[in-house]
Amino acid sequence: RKKLLPVHDSVEDDFELSTVCHRPEGLDKLQEQTKFTKKELQVLYRGFKNECPSGVVNEETFKTIYSKFFPQGDSGAYAHFLFEAFDTNKNGSVSFEDFVIGLSIILRGTINDRLNWAFNLYDLNKDGCITKEEMMDIMKSIYDMMGKYTYPCMQDEAPREHVESFFQKMDRNNDGVVTIDEFIESCQKDENIMQSMQLFDNVI
């Protein structure tokens with residue numbers, strides 16, 4: 001995906017760009033690339049600028065925002081994984097464009113789009129397949145974020161049991177890794193997997 005660069009053709013724009021690190025290229029362009037209306041994009045942009053006046057989010061800011069939403073648990077690890085998934089350019093920051101394009105997939109994308117996005121989230125080293133360890137890291141980060149007190153009887157072993165049962169269902173050829181095809185096929189066939197992975201309800 002080509003990097004969106006702010007267009008500036010006037011002195012005012014130059015001045016604004018020097019005070020604001022990053023400005024979206026244009027809501028029209030983003031409207032074409034996402035499934036949001038112009039009005040929704042304006043509301044999202046206002047909220048984004050409110051939290052991130054510089055126009056870009058680094059990982060620390062992302063973690064701070066998440067810790068407000070999940071005060072009862074430790075959301076640091078999950079926020080890190082999520083940040084990596086949003087940072088499609090791998091430049092250590094998430095622009096408004098990166099954010100809304102990801103958000104559009106999660107909230108409005110087809111099942112296939114959303115599963116591809118989720119696969120990318122779980123594939124921590126981005127090598128095209130998910131190992132049991134990667135899935136374990138994500139699952140543990142979700143449990144940590146939700147907090148021990150949310151599940152009064154939750155045992156420390158719960159994430160591992162969760163992962164074992166997913167892996168049995170997903171790793172169809174038993175080679176120890178889950179490919180994108182295995183992941184999508186398993187999730188589409190088994191509604192419970194989608195729900196219990198909390199792919200779409202709690203991801204944002």
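Let me begin with a definition: rings of Phe, Tyr and Trp, taking the six-membered ring of Trp, form a pair if their centres lie within 6.5 Å, and planes under 30 degrees apart count as stacked, over 60 as edge-to-face and the rest as tilted. What we have here is a predicted model, in which local features need pLDDT of at least 70 and side-chain atom pairs count only at pLDDT 80 or more, while totals for chains, interfaces and linings use all residues. Residues are numbered from 1 along each chain as its sequence is written, and side-chain values use heavy atoms, with hydrogens and water left out.

The protein has 11 helices and 4 strands, where helices (H or I, at least four residues) and strands (E, at least two) are DSSP runs numbered from the N terminus.

Now to the rings: the structure holds 13 aromatic pairs. In one of them, F62 and Y66 have ring centres 5.9 Å apart and planes at 20°, so this pair is stacked. Both residues belong to helix α4, residues 59-69, and sit 4 residues apart, about one turn of the helix.

F62 also pairs with F83, this time edge-to-face, with 5.5 Å from centre to centre and 70° between the planes. That pair links distant parts of the chain, since F83 lies in helix α5 (residues 76-86), 21 residues from F62 in helix α4.

Are these two residues, F62 and F83, buried or exposed? Buried means under 20% relative accessible area, exposed over 50%, and partly exposed in between, with a 1.4 Å probe and protein chains only. F62 has 6% relative accessibility and therefore counts as buried, and F83, at 2%, counts as buried too.

Finally, one aromatic cluster includes F62, Y66 and F83, with W117 also among its members.
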